[in-house]
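Colleague: I am new to this structure and would like a close look at a single part of it. Please take your time over the answer.

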Amino acid sequence: MAYKSIKSRKHLIFVSEKPCVICSRTDVQSAHIRFAGAGIGMKPSDCFVVPLCIDHHREQHSMNERMFWHLYKINPIARALYYCAESPDVKIRKGIYENFKKHFDW
């Protein structure tokens, strides 16, 4: 299966308007879930983003990302899927199945 990278400024802005998924602060950035699949050194599709405050975003980048999410008991792929389903960007909503099917047993 080919990985399709979708870029969407509209979706990134939409996600950054949500509270941090860890602490609910509102000084948020759209944080890409790096293990979600673009390849080493490449940024994943904008489908794979969740809102993180500046401090948690910095922490995410400072350690093993899978461990980061495990420590906070959050499934970032499921959260990103939720934001994609609600996205104001049609191409993001349409890309849900294509980009997420490899992360779930569908």
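Colleague: With which residue does arginine 34 form a salt bridge, and how far apart are the closest N and O atoms?

Modeller: A word on the source comes before the answer. This is a predicted model, in which local features need pLDDT of at least 70 and side-chain atom pairs count only at pLDDT 80 or more, while totals for chains, interfaces and linings use all residues. Residues are numbered from 1 along each chain as its sequence is written, and side-chain values use heavy atoms, with hydrogens and water left out.

Arginine 34 forms a salt bridge with glutamate 65, and the closest N and O atoms of the pair are 3.6 Å apart; a salt bridge here is a side-chain nitrogen of Lys or Arg within 4 Å of a carboxyl oxygen of Asp or Glu. Because arginine 34 lies in the loop between β1 (28–32) and β2 (49–53), whereas glutamate 65 belongs to helix α3 (residues 65–71), the pair ties together parts that are 31 residues apart in sequence. Helices (H or I, at least four residues) and strands (E, at least two) are DSSP runs, numbered from the N terminus. As for cover, arginine 34 is partly exposed at 29% relative accessibility, whereas glutamate 65, at 6%, counts as buried. In these terms, buried means under 20% relative accessible area, exposed means over 50%, and partly exposed is in between, with a 1.4 Å probe and protein chains only.

Aspartate 55 forms one with arginine 58, where the closest N and O atoms are 3.4 Å apart. These two residues stand 3 residues apart in helix α2 (residues 54–62), so about one helical turn separates them. Aspartate 55 is partly exposed at 39% relative accessibility, while arginine 58 is exposed, with a relative accessible area of 54%. Another salt bridge joins arginine 25 to aspartate 27, with the closest N and O atoms 2.5 Å apart. Arg25, Asp27, Asp55 and Arg58 are linked in a network of salt bridges.

The protein chain has 6 helices and 2 strands, and along the sequence they follow the pattern α-β-β-α-α-α-α-α. Of the 106 residues in the protein chain, 42% are buried.

The cysteines also deserve a look, although a search of the whole structure finds 0 disulfides, a disulfide being a pair of cysteine sulfur atoms within 2.5 Å. The closest cysteine sulfur to that of cysteine 47 is in cysteine 84, and at 4.3 Å it is too far for a bond. Cysteine 47 is buried, with a relative accessible area of 0%. For cysteine 53, the closest cysteine sulfur is in cysteine 23, at 3.8 Å, which is again too far for a bond. Cysteine 53 likewise counts as buried at 0% relative accessibility.
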